[in-house]
Amino acid sequence: MSPPMTPAQWRAALTAEGVPFTEYPGWTERGRDAATGKVFGPVNGVLNHHTAGTNSLATIAVNGRPGLPPPLAHAYLPKTGVLALVADGRANHAGLAAKNVFNAIVAEKPFPKPDANSGTIDGNDALYGIEVENLGDGVDVYTRAQYDTWVRFNAAICRHHQWGAGSCAGHLETSVEGKVDPRGRVEGYGSRSPFTFNMAQFRADVAERLAHPASWSPSAQEDDTDMPQYANLGLVRPYTLAPGAWHDIQFTQEWTDETGDHAPNSEVFVEGPARFTGSLSLRFEDLPVGDVVQVRMSEWEGDELQQVHPIHEVIGTPGGAYGIVPLTKRIGSGRSMRVRLLNQSPAEIEVASAVLTTLVWKES
Ligand SMILES: [Zn+2]
């Protein structure tokens, strides 16, 4: 908890972190503080959004949307990667944030699912907001320059406040109103090929920056053999999951697979001997509110299940059913790893998306 950055602190933090930026006229005087009688701050984190549109600078800075007066964020980041500061006061971006997630942001603990029953807070009181240009259709691409600036912007704020990357959240993680932003494809980052945006990876990238001096840049090429390889797998199309049945997720789309040992249309996402760490982002349709889908890593030798690993659950909420499951493990030679789902609801559900992002350290 600390006071919001002053204009001078904004400029210093962004410049040190290598953020290319412009200043929209009047930004140092702009905010909803006077209009609402609620002063912005103390601040506890950064909330990240996509615009779901194009050329939104004036909308976000001075026009607003019907029923939502401007400013709609503190910064706007178009595809050029050159950020615009638009406000330093209170901004209309966060809406109601679930108290349980807000508490996790403050504590920099792993985020639970947003639970409206935990209570809500006005996120505009305490969270910086950035709107990043993207259609939000899951297909539109964040440019390499844009993603790089985005990571730097979050890191600059965290470095100023002496926060960790756990203070950076996505709107979809805090919202009790069913927000899905930010999402989409990313052109690349550092040595990384195109991948699907997800907050776990984003926080890892912010954390990596924070582990270096502010002047650091991710290297374009990494051929050090100690470097992990990157795998990013997903589904080409949604499929139906019957009640009561175990199902191994079959990864049909390889956005990136540097490890090279993922057979197409395979359930296996990594083969031993290897260490891996990453996450699986899941989205289900039609999961009744309060019902559960179990998610487990399962370890195989050939076609024989050897071991199942701890259970994670995705719970249906009024806003939908999303889950981010951590995947971290070491597996031995001859073993392979899959992800299994068990639909515990009485209804057929649709596995709308499953995106697996891992770093893999091959062992010999
Ligand atoms: Zn949003």
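**Basis.** I am working from a predicted model, in which local features need pLDDT of at least 70, side-chain atom pairs count only at pLDDT 80 or more, and totals for chains, interfaces and linings use all residues. I number residues from 1 along each chain as its sequence is written.

**Strand 12 and its partners.** I take helices (H or I, at least four residues) and strands (E, at least two) as DSSP runs numbered from the N terminus, and I call two strands paired if DSSP finds at least two bridges between them. Strand 12 (residues 229-234) pairs with strand 23 (residues 349-362) in the antiparallel sense over five bridges. Strand 12 is also joined to strand 15 (residues 253-257) by four bridges, and these two run antiparallel. On that side I noted Thr-256 in strand 15 as the bridge partner of Asn-232.

I then traced an open sheet of three strands, with the order 8-10-11 and mixed pairing. Strand 8 (141-142) and strand 11 stand at its edges with a single partner strand each, so one side of each has no neighbour in the sheet. Strand 8 and strand 10 (residues 185-186) run parallel and are joined by two bridges, and I found Arg-185 in strand 10 as the bridge partner of Val-141.

**Domains.** The chain is divided into domain 1 (7-210) and domain 2 (229-362), with bounds that come from an automatic or database domain assignment. Their C-alpha centres lie 29 Å apart. Counting a contact where two C-beta atoms, placed from the backbone, lie within 7 Å, I see 14 residues of domain 1 in contact with 15 residues of domain 2. On the domain 1 side, the elements that give two or more residues are strand 11 (195-196) and helix 7 (199-210).

**Helix 1.** I call a residue buried if 20 or more other C-beta atoms lie within 10 Å of its own, exposed if 12 or fewer, and partly exposed in between, with C-beta atoms placed from the backbone. In helix 1 (residues 7-16) the buried residues are Trp-10, Ala-13 and Leu-14. Seen down the helix axis they fall within an arc of 95 degrees, so they line one face of helix 1; the arc is that of the directions from the axis to the C-beta atoms. These buried residues pack against strand 1 (21-23), strand 4 (83-85) and helix 5 (144-161). Just after helix 1, I noted a positive phi of about 80 degrees at Gly-18.

**Cores.** A nonpolar core is here a set of buried Ala, Val, Leu, Ile, Met, Phe, Trp, Tyr and Cys residues joined through C-beta atoms within 7 Å. The largest has 55 residues, and Phe-153 is among those with the most contacts inside it. Helix 5 gives the largest share of this core, eight residues. A second, separate core of 34 residues includes Phe-284, Val-314, Leu-341 and Ile-349. Leaving aside neighbours within four places in sequence, I find Phe-153 in contact with Val-19, Ala-75, Leu-83 and Ile-130.

**Glu-131.** I ended at Glu-131, which is found in strand 7 (residues 127-132). Glu-131 counts as buried because it has 31 C-beta neighbours inside 10 Å. Not counting residues up to four places away in sequence, Glu-131 touches several residues, including His-49, Thr-51 and Tyr-76.
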